[in-house]
Amino acid sequence: MSKKLYIKTYGCQMNVYDSQRMVDLLSPLGYEVTETPNDADMAILNTCHIREKAEQKVFSDLGRLRAVKDERIQNGADMMIAVGGCVAQAEGAEIIKQAPYVSMVFGPQAYHKLPEMIAKTTREYDVKSGKRTGIGIVNTDFPTESKFDLLPQPTTSTVSSFLSVQEGCDNFCTFCVVPYTRGAEYSRPVVDILKDARHLVSLGTREITLLGQNVNAYHGVSPTSNDVEWGLGRFIYELAEIDGLERIRYTTSHPMDMDDLLIKAHGDVGKLMPFLHLPVQSGSNAILQSMNRRHTSDQYIKVVERLRIARPDLAMSSDFIVGFPGETVADHKATLGLVREIGYAQAYSFKYSIRPGTPAGAMDLQVTEEVKSERLAELQTLLNEQQLQFNQTKIGLVQRVLVDRIGKREGQLSGKTPFMQSIYFDGNQRLSGEMVDVMVEKAFANSVTGSVVTVD
Ligand code: SAH
Ligand code: SF4
Ligand code: F3S
């Protein structure tokens, strides 16, 4: 009998990828995805721990799920509630203790055990007393075996797909929880990810985004010798040989891991798209040092210069944190200065959020909420201006678009330009999933619009 699975994903693309793998894992057990928890036999929250807000959201969503579960029990049904991802890893047994209606808690390196965990847990829980009467399971192991070897091959794919090639992080930036929630850096062997990439393309994928918390630190065992490792650059040259694959992207990168071959690949490999998310976090050397980013503002600028020599039209993106402990007005100005110097096509910016257990959380000179808000607003105004300016530079130019969505309006399609801009235009629905040439006509802060020029 078919059962319904509700899965909500928070956080980064890695979690999006993991959620999709959970769906693949549970589909042989008869679970079909549903968009609402109301008719779900199982609900999974795949959580993010990166900032306090992300974490709080999980706990308020859990409260709502509890109400749905209670109602389902009263109607003679039930819903198993599971918490996966980075909050699960960080809080572990505490969640299941505080929320007895949760049957299962599992970390990002344990989700391949889902079928086993489902078989073991008994979801009994007494609505009246709010007490667990069955077995709750907590699995926050970092197993020595690779979970990737134990995951089933996907049976469906989208035109644009994620592929995890690297996981975890050894950088320990002082503000960040990822090294604790995802564990040590691990690179999958080249043979395995090439096989996955070919499989995705055989299912209809035309664009692959290689994923890793620190993806350009990738160093996978080569296909020919166990003693040789390939970096991300070498791998991208090989990946580009797959017929039918038209676009390659990768995210997220660390400035200090942009090596010569990867930079060269940006010039040589036509399928590698001219858009790079390369987070810098701050433009102040003092703050960069205190963040343990291992580079100065000038070194970052030099890396971007080298990339732009290899690929002159490269569009840049970044992440920024404002209000890191000890950040002065001068430090903040240095960040604004760096932004002006680079010129970003897109960027994400956040107020620094104290994370328990990280070195920065215990630093003196925490910045007040008010100052953080002011600085964030100032930075975002500048970044939004730059984004609009970048989008305007494409007006009157024809862009190759991978159509990945039907637009909100009737007859409207949407896709991505090579520069990762969202583009909207009118066209036949059968163009969905195709590559189309579109003339850009108007530019906005977050998207561009245009009309179709030719169809392949
Ligand atoms: N691995 C990636 C990013 C991981 S987290 C990298 O190294 O760039 C994504 C972004 O969240 C980070 O780039 C950073 O800008 C932001 N972030 C991480 N920890 C944060 C914190 N404690 N407060 C605010 N923003 C944070
Ligand atoms: Fe976090 Fe830094 Fe690792 Fe990125 S590089 S995941 S910010 S520790
Ligand atoms: Fe969040 Fe974990 Fe990703 S903390 S950003 S879901 S690695």
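Contact, in these legends, means heavy atoms within 4.5 Å. Welcome to a predicted model, in which local features need pLDDT of at least 70, side-chain atom pairs count only at pLDDT 80 or more, and totals for chains, interfaces and linings use all residues. Residues are numbered from 1 along each chain as its sequence is written, chains are lettered from A and ligands numbered from 1 in the order in which they are written, and side-chain values use heavy atoms, with hydrogens and water left out.

**View 1. P189 and the residues it touches.** P189 sits in the loop that links strand 11 (186–187) to helix 8 (190–202). Helices (H or I, at least four residues) and strands (E, at least two) are DSSP runs, numbered from the N terminus. Apart from residues up to four places away in sequence, P189 touches Y218 and V221. Its relative accessible area is 22%, so P189 is partly exposed; buried means under 20%, exposed over 50%, and partly exposed in between (1.4 Å probe, protein chains only). N384 is 195 residues from P189 in sequence, and their C-alpha atoms are 39 Å apart in space.

**View 2. The loop between strand 15 and helix 10.** Strand 15 covers residues 247–251, and S253 belongs to the loop that runs from there to helix 10. T252 is found in this loop too. The peptide bond from T251 to T252 is cis, with omega near 0°. Is S253 buried or exposed? S253 is buried, because its relative accessible area is 4%. Beyond its neighbours within four places in sequence, S253 is in contact with N214, V215, N216, M258, L276, H277, L278 and P279.

**View 3. Helix 10 against helix 12.** Two packed helices are described by the angle between their axes and the distance between the axes. Here helix 10 (residues 260–268) and helix 12 (residues 297–310) have axes that come within 7 Å and cross at roughly 40°. Axes are lines fitted to C-alpha atoms, for helices over the stretch in contact, and angles run from 0 to 180 degrees between N-to-C directions. From helix 10, D260, I263, H266 and G267 meet R306, L307 and A310 of helix 12. The residues of this contact divide into three nonpolar, two polar and two charged. Ala, Val, Leu, Ile, Met, Phe, Trp, Tyr, Cys and Pro count as nonpolar, Asp, Glu, Lys and Arg as charged, and the others, Gly among them, as polar.

**View 4. The residues around ligand 2.** Which residues are around ligand 2? They are C169, N171, F172, C173, F175, C176, V178, P179, H254 and R293, where a residue is near a molecule if one of its heavy atoms lies within 4 Å of it. This shell divides into seven nonpolar residues, two polar and one charged.

**View 5. Two loop residues with positive phi.** Most residues other than glycine have a negative phi. Q281, although not a glycine, has a positive phi of about 75°. Q281 lies between strand 16 (275–277) and helix 11 (285–290), in the loop, and counts as buried because its relative accessibility is 7%. L365 is another residue other than glycine with a positive phi, near 60°. Its loop runs between strand 18 (346–351) and helix 14 (369–392), and L365 is exposed, with a relative accessible area of 65%.
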